[in-house]
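This report describes the architecture of the two chains shown below and the way in which they meet. It begins with a sheet, then turns to a helical chain and to the interface.

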Amino acid sequence: MALLETHGLTARYGDFQALFGVDIALEPGETVAIIGANGAGKTTLMRSITGVLNNDAAQIRHRGVEIGHLQADTIMKRGIAMVPEGRRLFPSLTVEENLIIGGQHKGGRDLGDRIDSFLCRLLGGPDPMELAAGHDGSGYWSLDTVYDLFPILKERRHSPGTALSGGQQQMVAIGRALMSNPDILLCDEISLGLAPVVIKDIYQALPRIKENGASLIVVEQDIGQALKIADRVYCLMEGRVTLEGRPSEITRDDIHAAYFGETA
Amino acid sequence: MIWIDTIVQGILLGGLYALFAAGLSLVFGIMRLVNLAHGDLIVLGSYVILFVVSALGINPFLAAALAAPVMFLLGWVLQKLVLNRTLGEDILPPLLVTFGLSIVIQNGLLEGFSADSQRMSLGALETASVSLGPITMGVMPLMTFASAILVIVALNQLFYRTAIGRAFRATSDDATTASLMGIRPDRVFASATAIAMLVVTIAALYLGTRANFDPSIGPARLIYAFEAVIIGGLGSLWGTLIGGIIIGVAQTLGAAINPEWQILAGHVAFLIVLLVRPRGLFPKGA
């Protein structure tokens, strides 16, 4: 059973359809790269998986459970964490608070969840939090291990998150996602707008993230970078998967065709 | 010396206005919701306390402690079932809905308690005072002011020292990204309004024990609260206290010159601050 799979995933923003029946799968321990041009639907795919966009329940499965209809917070509590495009740190929070908040609501049920569950059962409905069970958020990652992975963050821990350089902000965004000890980490364009030397630093952290129990889906515009780190690659074009394969098996021409829709 | 006394009385009055304003400021700061029913919710709080006082025959302070959980729950349900549905890109729905709520509360109170003005008695405490040289301060105004400071300290601690405070700030920054952190924004908003209603209960206690109240006085309290929040700068609770003090001092000074000028002087002070510092005295992020 795949850790995460989408079946005929569709997504739309009002009248505009962004995804047309996307099928992807992530096996435990794998790194999957999603490549594609601007507007191909990569970020929409991430937004669907994380529950920011809602879908039909059966279109996305996590550990065999249908999750397409769940809200973002429930999906996060199941162990799917996201490093959003543009980093999206909380400006009112310090670096350390940004990290802490990533693990603050992980796993289990907080008081609000219990109240919600109680009210829903009282009214005879299904328990909305039942599907969040099964992931307690414990594991390798904590403030200490995140600071060990990115030592510069410890030095800057009392600064506002947004006072950091782009690369350091990206480190905070990755650390923040790790704090919930996810079994799936989604990284949306983590190299966008960063200097090559910074990108290298950030990509060097990925093996250690994998070693400690997370499988990765990496959305990347930089095809070379994607092919280097991925076990498998999907290419999206105009909301459809146009290529799937292992980096060793696909050629430049395959990618060119899948990326631009031209036959080489 | 009479002037110093007048200014001190004004500062203490400012504590009451800061209490009116703190809940409004809290809710606006977290969810950008301008609650036009805030003044009426304070008046509703006073009636809830009055109801407990007359039903159980207990002291208003004790009654407020019993009313607080009721108001907390009311705030939670109100936000969860009604106000959350109005939040979005458009700022008009929350204004319309809370304006409607204001009318509903006023008429509900009119129906339930009549238009007669009410008063809760505190016995000897009402006239108790302490003297400091030439200045005499009422115990009740002093307690009001102390409560305002306590409320602001407590809210700041909540905001900057607790997990729920972190969730408040994160959700206020970016609700979508907050939901990726396992936070449910609608629940954060419900908690915020519930906490604001605890502050409303404290404001209601002093509103109802220091002067007469009737179902129609909510909107005027809202105006004072608004002015305090805006003078202080949106999002700053200590600024709100300063704003309350400025209105309070302006009112007592105005009244000392001519009793008819009390209310007017407060509004004029507000206008002057708006002219000089359109974003308030302590705007956030400036």
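Which residue of strand 7 of chain A is the bridge partner of Val83(A)? In this predicted model, the partner is Cys187(A). Strand 6 of chain A and strand 7 (residues 184–188) of chain A pair in the parallel sense, with 4 bridges between them.

**The sheet of chain A**

These two strands belong to an open sheet of 6 strands in chain A, whose order is 6-7-8-3-9-10 and whose pairing is mixed. Strand 6 (80–83) and strand 10 (240–245) of chain A form the edges; each has a single partner strand, so one side of each lacks a neighbour in the sheet. From one strand to the next the twist averages 20°. Helix 1 (residues 42–49) of chain A packs on the sheet, where it touches strand 3 (31–36), strand 6, strand 7, strand 8 (215–219) and strand 9 (232–237) of chain A. The direction of helix 1 makes about 150° with that of strand 7 of chain A.

**The fold of chain B**

Chain B contains 11 helices and 2 strands, arranged along the sequence as α-α-α-α-β-β-α-α-α-α-α-α-α. Its radius of gyration is 19 Å, close to the 19 Å that the globule rule gives for 286 residues, so chain B is as compact as a globular protein of that length. The C-alpha trace of chain B spans about 60 × 50 × 35 Å along its principal axes. Among contacts in chain B with a separation of 6 or more, 73% join residues 24 or more positions apart.

Helix 9 (residues 218–232) of chain B reaches 21 Å from its first C-alpha to its last, close to the 21 Å expected for its 15 residues at 1.5 Å a residue. Of these 15 residues, 12 are buried, so helix 9 is largely enclosed by the rest of the structure. The buried residues include Arg221(B), Tyr224(B), Phe226(B) and Glu227(B). Among the elements that cover them are helix 1 (2–31), helix 8 (185–210) and helix 10 (237–257) of chain B. Helix 9 is followed by Gly233(B), which has a positive phi, near 100°.

**The interface**

At the interface, 16 residues of chain B are in contact with 23 residues of chain A. Helix 6 (163–173) of chain B supplies 6 residues, the largest share of the side of chain B that touches chain A. Helix 7 (175–180) of chain B supplies at least two. The classes on this side are tabulated below.

| Class, side of chain B that touches chain A | Number |
|---|---|
| Nonpolar | 5 residues |
| Polar | 5 residues |

Methods:
Residues are numbered from 1 along each chain as its sequence is written. Chains are lettered from A and ligands numbered from 1 in the order in which they are written. This is a predicted model: local features need pLDDT of at least 70, side-chain atom pairs count only at pLDDT 80 or more; totals for chains, interfaces and linings use all residues. Two residues are in contact if their C-beta atoms, placed from the backbone, lie within 7 Å. Ala, Val, Leu, Ile, Met, Phe, Trp, Tyr, Cys and Pro count as nonpolar, Asp, Glu, Lys and Arg as charged, and the others, Gly among them, as polar. The expected span of a helix is 1.5 Å times one less than its number of residues. A residue is buried if 20 or more other C-beta atoms lie within 10 Å of its own, exposed if 12 or fewer, and partly exposed in between; C-beta atoms are placed from the backbone. The radius of gyration is taken over C-alpha atoms; the globule rule is 2.2 Å times the number of residues to the power 0.38. Two strands pair if DSSP finds at least two bridges between them. Axes are lines fitted to C-alpha atoms, for helices over the stretch in contact, and angles run from 0 to 180 degrees between N-to-C directions.
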